[in-house]
Amino acid sequence: MDPNTAGWALVAALLLPVAGAVAMLLIPAEADRTIRRFAVVVTGVAFALVAALTAAFDYGRSGELQFVTDVPWIPAIDARFHLGIDGISLPLFFLSFLLPFLSAIYTTKHLPEPGKPKAFLGLMLLLQTGMAGTFVAFDLILFFIFFELVLVPMFFMIGMWGGPRRDYASVKFFLYTLFGSIFMLVSFLAVYFQSGLRSWDIVELSQAAGIGSVTFQTWAFLGMFLGFAIKVPMWPFHTWLPDAHTEAPTVGSVLLAGVLLKIGTYGFIRIALPILPDGALRFAPVLGVLAVIGIVYGSLCCLAQTDVKRLIAFSSVGHMGFVMLGIAAMNEAGIQAALFGNIAHGVITGMLFFLAGSLHERYHTRDIAVIGGGMLMKIPRYGVLLTYVAVASLGLPGLAGFWGEFGAMWAAISPGLGLSDTYGGLYLGLVVFAAIGTVLTAGYFLWMLQRVNLGRPSEKWAAAELDDVMRVEWVAWAPLLLLILALGVFPRLVFGVQDAAVTALLRSMGG
Amino acid sequence: MESVLALAWLVPVLPLASAAVVAATGKRLPWGGAEVGILSVGAALALSAAIAWETFTNPGETLERAFAWSPLGGGFVLELGMLVDGLTAMMFLLVTLVSLMVHVYSRGYMEGEARFTYYYAMLSLFTFSMLLLVISNNTLQAVVGWELVGLCSFLLIGFYWEEKSNQDAANKAFLTTKFGDVGLIVGVIVLSAGMLGLSDTPFNFGETIDAAVSGELATGTIVLGMLLIFVGCISKSGQMPLHVWLPDAMAGPTPVSALIHAATMVTAGVFLLARLFPVLAQSALVMGVIAVVGILTLFFGGLLALVQDDIKKILAYSTISQLGYMVAAIGVGGYTASIFHLFTHGFFKALLFLGAGSLIHAVHSNDISAMGGLRRPMPVTFWTFTIGSLALAGFPMTAGFFSKDEILVSGDLWALNGFATGTYVYWVGIAAAFVTTFYMARAWFLIFTGEHRGAPHAADAHGGHGADHDAQADAHADAHHAAPNESGRWMLVPLVVLAVLSLTAGLIGSPFLQDEPNFEAWTATEVIEGTTYPFLAEYAAGAGVVAAEKGPSAKILHGPPTWHLDLLGIVLAAFAGAVLLAWRLYGKGLPDEDPTLRMGPLSRALVAKYGFDAAGYRYVVVPVRDRLSAWATRVSNDVIDGVVGGTGAAAKRLAGVTYATVDQGIIDGGVNGAAFSAAWWSARLRRIQSGDVQRYAGALVAGVVLLVLAFVAIR
């Protein structure tokens, strides 16, 4: 596969899941096991293709687009079908093929009421194409379509396979995101008309840097901000997230945390920053302040949660706060850290949601007080995994969570593009509060572990037969568990891939 | 041939490999993984000894190797590297030696424990983490080691995680140190931010130190960065007021207390201060703050040991106090003295803890009031513990004597430069030495002399939760157990080795070794030798005291140690006085009411631990955990989500109103209205068509009349 010419590979990888979903329609709904296996095969083949693509990727030129397809699509409105992948996209693209594969494996054993694997897995495949597409689309219209495409399957996944309040949660998720995306679309339109390039091309618009006046950019950035900040979600636009996560089925939560949230931060980095650098610069302190509020506030909320899954959901608010702090730093180190934090959060929190799902499978509750401790004694392997992933999530060095958090704080101390001259003191304060957030994070995770894992099992569970980690779970989880360690020990795996791409991005912003 | 220093990377890697092998295969090995741990740490010790010898005999020999671990963005590079000099070699030797002793000792002490293999994996992992910190050539790698050390500490404090008190102790340790790490991390960030324009590897120790010494690093950066890093040291090295986790950490198995909470991990803060000494030496303010914290800790931390009956807590508070000496020494320019004390303290404190473990093993209690008369049944423990106590008390010619005196002398020299902190270190240090001797003598008399009391204390004032789990369980199992016996060989050999070191390790830094190589030359780096205190000239001259050039202390190194007979006299008098006092009070067995509890308000303050623990819980933990968190959740659920929900509801209501009023009422009303009015009129008009001819005729006439009238009117 030659990265210069093999654009087909990217298109094929992108379309495989949808094709699989269509093919799945042909299988009769009663063939439950066949359907589940078929989904594993489809996602597995797609993942293998992406793995091959990752291997063929030219890391010496990770700053440039590779595997490009760029053809006219809707000439009437100048929209083009422009796909490509660079060092920024690659890790996220990889993740959006790994997690559905693992989810499909997991689903061979676990599927919540009302079953119906055909519908469930079909939606998941559709979702996969949507989310993977956002990371490789280089045309604003195409990006927008993928962005919106993601909503529908997730809406049905939460609405049909969700918990007791699924109707509320799914509608809230759908409408809230849609609400933001409208403003984003308006901004896209404004950029299109203001630029005068008659182009929706992200690369061209980025190179044009400085479309319109500062005022124009500020307003346009505001629109994109609403779209992406809701998706991230940034404080105070986060309230859909705990509801969606709490109600979503396990696989839905894994993909939501693992990939969907990343679309927001990716959008900031790929679209909002390079196309509207002046607007971004004006917004940066606001982003920073909201990010750090999110870190501290999200951690505080975690301390008050009684439901394990809701706690993990709120922890995302804090972790994504670190990602946004990196973006607010407006320098290379910050963008690097933000993207690293993205990947790390996807892997770690995705894994945490798997664990929360399996916890529910065993205890049939996620209430910390009802579980009442002693899990490490009852199902020791499972308890060890929970400890391991929680420790990774609280940012222990040597595991994946550390580099994004530390990097964001490190970058924010000396923000780029002249921000340090005007806002140096503010950013120092942000770093301090973000660091305090890490203590709170450690606090709620350790407290959770203490109440769930440690001690002796309560009477209620002492005699209960609970399965320790099952084989299918080992298979589905092992890649994530290994990645958590690998990314922690070799941060170069992500930093190195992104480096040239981030440099190129910042250069176009004039940094 | 390449120097042995090039192999230094193996020193941390060996225990790491051991941790992995033990975790993977330990349960299937005949000794449950202990053999792997002992062998690999033994190998690491052998290598460390070779490195120590190499650097000791060739003072100043340094090797720095690093490779780019990862790009960080903006062209900056994070290194994974090693910096091997005398300081590193000294720490290597200390850590691997104590670790090996603990590995060996635990083979006996932890025998029969359910999680024996896990324990050994953690011991090895801890050893690796500490060595990773020690070997690192940059601050960020040091942070990685530092935090991993904290994790291992957390896991081992909570080793007996069935009990809530142990879980709480582990959480307290992790969170308190993590709180300090806010300072460390922000401090490291601040320092490296100052280096951004100067280097591609902004975390590098050597480059940071060079930039600080040459004045390229802004003073503000140095002061802010070092003060913040010092906050990390306060929590890690048990300085007041963040020392509160250390006594609770005694919930872990006793060998762990020896390794982690006495000899090595808690020295991480002091080590980092030593590593960055030329940086902090640029600022009188930073040194002053460090000195004050150290002085307060060495004195008030030591006092707390007076009212403890738990042998491990006595030792824990003594650790806090001794760490205070080291930190204070850093603050008064006693670079060599500080790390020398770190070195000797590691041996005798490990010895004391392991000795305490031997005692606890024999009597199944941590409580010294349950001991007594143990001299005869446990002779080896008795003699080694006595040696350790003497070293801790600073009895002449023991290891602790030479290093503690060096600290006091450093204070004296600093005072010559016109800093009051120097004077305080000298006199408070002597006073604290008196206190140290007294509480160790108290413990010694109560443990070894008189009759064996043995009775388990039901109503222990300090709550027996610090007691080892196994000791507790055993005590419950057989309240009337057999007479205490000496421990087995696995435990005694380390005691003897450490006892020998407690007697002799001080000699390399003593006045007996005037010529190089000695301890000072060993641990001095080139920068340390060349650096002077830039603030000294103006400060000292301004204060109108001894001019800088008159005293020897303008330089960091004080030269070979000399005898100070005046100090020796004072120290001996203090020692004798303290032992005599302890003998009078405790020589005849346990008094009915402990005299240390009869000191009025002082006793009350000490028993309450000065209120730090309670205040921390009441004013930090509870408000954050219970109130702020609930408040934040309420804001999220009610206020923010209220806005979201309100927007949704408003949109819905607007839709309802739109539908009901505008759509159904006005628009559709218009449509319907048109239809409706047509029907109304048609109903009315229908009546006209009644088929009644007379009425038609009448209407016709009326119509004609109206038309005629209208016509006339218009005309």
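Here is a short tour of this predicted model, stop by stop.

Residues count from 1 along each chain as its sequence is written, with chains lettered from A and ligands numbered from 1 in the order in which they are written. Local features need pLDDT of at least 70 and side-chain atom pairs count only at pLDDT 80 or more, while totals for chains, interfaces and linings use all residues.

Chain B averages 83, and 93% of its residues score at least 70. Select 457–480 of chain B: pLDDT stays under 50 there, and the model has 36 contacts beyond four places in sequence for this stretch. A contact means two C-beta atoms, placed from the backbone, within 7 Å. Then try 541–552 of chain B, also below 50.

Next, show the interface, with 43 residues from chain A and 40 residues from chain B. On the chain A side, the elements giving two or more residues include helix H7 (166–195) and helix H19 (419–452). H19(A) supplies the largest share, nine residues. Helices (H or I, at least four residues) and strands (E, at least two) are DSSP runs, numbered from the N terminus.

Last stop: strands S1 (66–74) and S2 of chain A, antiparallel and joined by six bridges. Strands pair if DSSP finds at least two bridges between them. Click Asp70(A), and you'll find His82(A) in S2(A) as its bridge partner. Four residues lie between the strands of this hairpin, where Asp78(A) takes a positive phi near 65°.

Conventions:
pLDDT = per-residue confidence, 0-100.
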